[in-house]
Amino acid sequence: MNIVNLSALELGRQIACKKITSVESVQFYIDRNLKFKHLDCISELFESEALEQAKHLDELLQQGTRLSPFHGVPVLLKDNLDVAGHITHAGTVYLDKIAQANCELADQLQALGLVILGKTKMTELAFGLSGQNPMQGTPKNPWAEQQFAPGGSSSGSAVAVAAGLCPLAFGGDTGGSIRTPAALNGVFGFKPSSHKIADTGAVPLSKTLDTVGPFARFAADISALFELLSDANAEPVSAENFIYALDESAFPYPLEPEVLALWCEGLKRIESLGIQINKWQPPANFDFKDLSDRTSDIIAYESYLYHGDSAENHATLMWELVRQRVLRGKEITQQRYETLIAERTQFQQEFKVSLNGQCLLFPVSPFVSAVSSAADTEFSHVGEYTRPFNYLDAPSYAFPITQSVNGLPMGIQLVSYQGNDVEVMNTVQKIANGLNIRSIFPPLCQH
């Protein structure tokens, strides 16, 4: 059975019906990972462990025990999440400690019967949106023969899901690191509100802002998995049947002409479902570049607390750009940092009031693709579309909406105020169902 086109939920059903075993599904994905090894998105594949775990799950099923709808389904984890017995590299070549225990998420996933297939590559210390990693190697965006940026920092997780190397993967989002690679690789990627999904046992970048979230090719997989992991009740979508969209006059940076046209086309497609879209203007004191800078300053300040010693030591093998990003934290005073933290609540409240209980459509990136340079500056304006929602602790969900004339995927994001995760997730599910949106395989991976 070729299971690559199945959603994670459907694969779970096939395993439950005993039409395929978990061992067979894990072996299928191991083989597919080896076939597409050139995408360079996997940090470590847990071949023997995953097969052993799958064998145990098949035995449980034979005994009549099914742990969840995802029983026997493989999943990949970003390599800043601890898995016992394995080094948590966090995108570096200098971190070499073997994790003595699982991160909390890994324990939860295994308790639900998911098989941890391995770890995915990422931007070094999760510090960057392009996905570049000169130290470990940069995952290849599977949508083109040339080296388009995969988006970061959860580059490997997004590439793996896009290429069909696993039905589910987890990443992290501190300034856009789930949404950016999801949009550029044509998959679904959800950044919940803080701590909705367990984040203990991860190498931190900014504990204030770090958020763990899933990638999938089908919205229903994320909905079901989030409900299990967060104890969120799937409440009905708002009966008012309207959402906001960012007014073009308030864009923090101009979209490329084709992206602007695709954005407008995407809004019309959503309106075709009978959903009313109202233009949204930000509150008077909102400046998205300022909100982005606030996020960046918190990240820099906290990253220096955790990684400053390594960055200061020039014997540490580290990408120089990441070293300088960490060292910038020295320049931010404690007073500035504490002010940013203290003012956060007021911004969050104003954002909530401005939405009147609704969700907001927002671009993810001003372009559909980019070729990164050594200076790694191409993604600076992407952050103006993603980082504000980390400062606001806003649930933010990137999903594919259309493709460029060259066939490259374009994603947009749906956001809302802190804690309104279920409404965001259910609204994306409604849009995906109504427009029959699912991630399609890049041409290079359709075999």
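**Entry 1: a serine to begin with**

Is serine 193 buried or exposed? I found a relative accessibility of 3%, so serine 193 counts as buried. My cut-offs are under 20% relative accessible area for buried, over 50% for exposed and partly exposed in between, with a 1.4 Å probe and protein chains only. I placed serine 193 in the loop between β5 and β6 (212-216). Helices here are DSSP runs of H or I with at least four residues, strands are runs of E with at least two, and both are numbered from the N terminus. I also checked serine 193 against serine 416: their C-alpha atoms are separated by 9.6 Å, and the two residues are 223 residues apart along the chain.

A note on method, friend: this is a predicted model, so I ask for pLDDT of at least 70 for local features and 80 or more for side-chain atom pairs, while totals for chains, interfaces and linings use all residues. Residues are numbered from 1 along each chain as its sequence is written, and side-chain values use heavy atoms, with hydrogens and water left out.

**Entry 2: the whole chain**

I counted 14 helices and 11 strands in the secondary structure. Along the principal axes, the C-alpha atoms fill a box of roughly 60 × 60 × 40 Å. Of the 447 residues, 62% count as buried.

**Entry 3: aromatic pairs**

I searched the whole structure and got 18 aromatic pairs. Rings of Phe, Tyr and Trp (its six-membered ring) pair if their centres lie within 6.5 Å; planes under 30 degrees apart are stacked, over 60 edge-to-face and the rest tilted. Phenylalanine 190 and phenylalanine 226 are edge-to-face, because their planes stand at 75°, with ring centres 5.2 Å apart. This pair links distant parts of the chain, as phenylalanine 190 is in strand β5 (residues 188-191) and phenylalanine 226 is in helix α7 (residues 219-230), 36 residues apart. Both phenylalanine 190 and phenylalanine 226 are buried.

I then looked at phenylalanine 251 and tyrosine 385, an edge-to-face pair at 6.3 Å centre to centre and 75° between the planes. Phenylalanine 251 lies in the loop between β7 (242-246) and α8 (257-271) and tyrosine 385 in helix α12 (residues 383-386), so the pair ties together parts 134 residues apart in sequence. Phenylalanine 251 counts as buried at 13% relative accessibility, and tyrosine 385 is buried at 0% relative accessible area. Phe251 and Tyr385 belong to one aromatic cluster, whose members include Trp263, Trp280, Phe347 and Tyr391.

**Entry 4: charges over rings**

Which ring does arginine 217 lie over? I found arginine 217 over the face of phenylalanine 441, at 3.9 Å from the ring centre. The charged end of arginine 344 sits over the ring of tyrosine 391, 6.0 Å from its centre. My test wants NZ of Lys or CZ of Arg within 6 Å of the ring centre and within 35 degrees of the ring normal.

**Entry 5: the largest pocket**

I got about 500 Å³ of space in the largest pocket. A pocket is an open set of points on a 1 Å grid over the protein atoms alone, where a 1.4 Å probe fits, with protein on both sides within 12 Å along at least five of seven lines; lining residues have an atom within 4 Å of a point. The volume is the space filled by probe spheres set on the points, which are joined across faces, edges and corners.

The lining has 21 residues, and Phe127, Gly128, Ser296, Arg325 and Arg387 lie nearest the pocket centre. Helix α9 (residues 288-312) gives the most to this lining, with four residues. By class I noted six nonpolar, nine polar and six charged residues. Nonpolar covers Ala, Val, Leu, Ile, Met, Phe, Trp, Tyr, Cys and Pro, charged covers Asp, Glu, Lys and Arg, and the others, Gly among them, are polar.

**Entry 6: backbone notes**

I noted a cis peptide bond between glycine 152 and serine 153, with omega about 10°. Serine 153 is in the loop between β3 (115-120) and α5 (155-162). Alanine 126 lies in the loop between β3 and α5, and its phi is near 65°, a positive value in a residue other than glycine. Alanine 126 is buried, with a relative accessible area of 8%.
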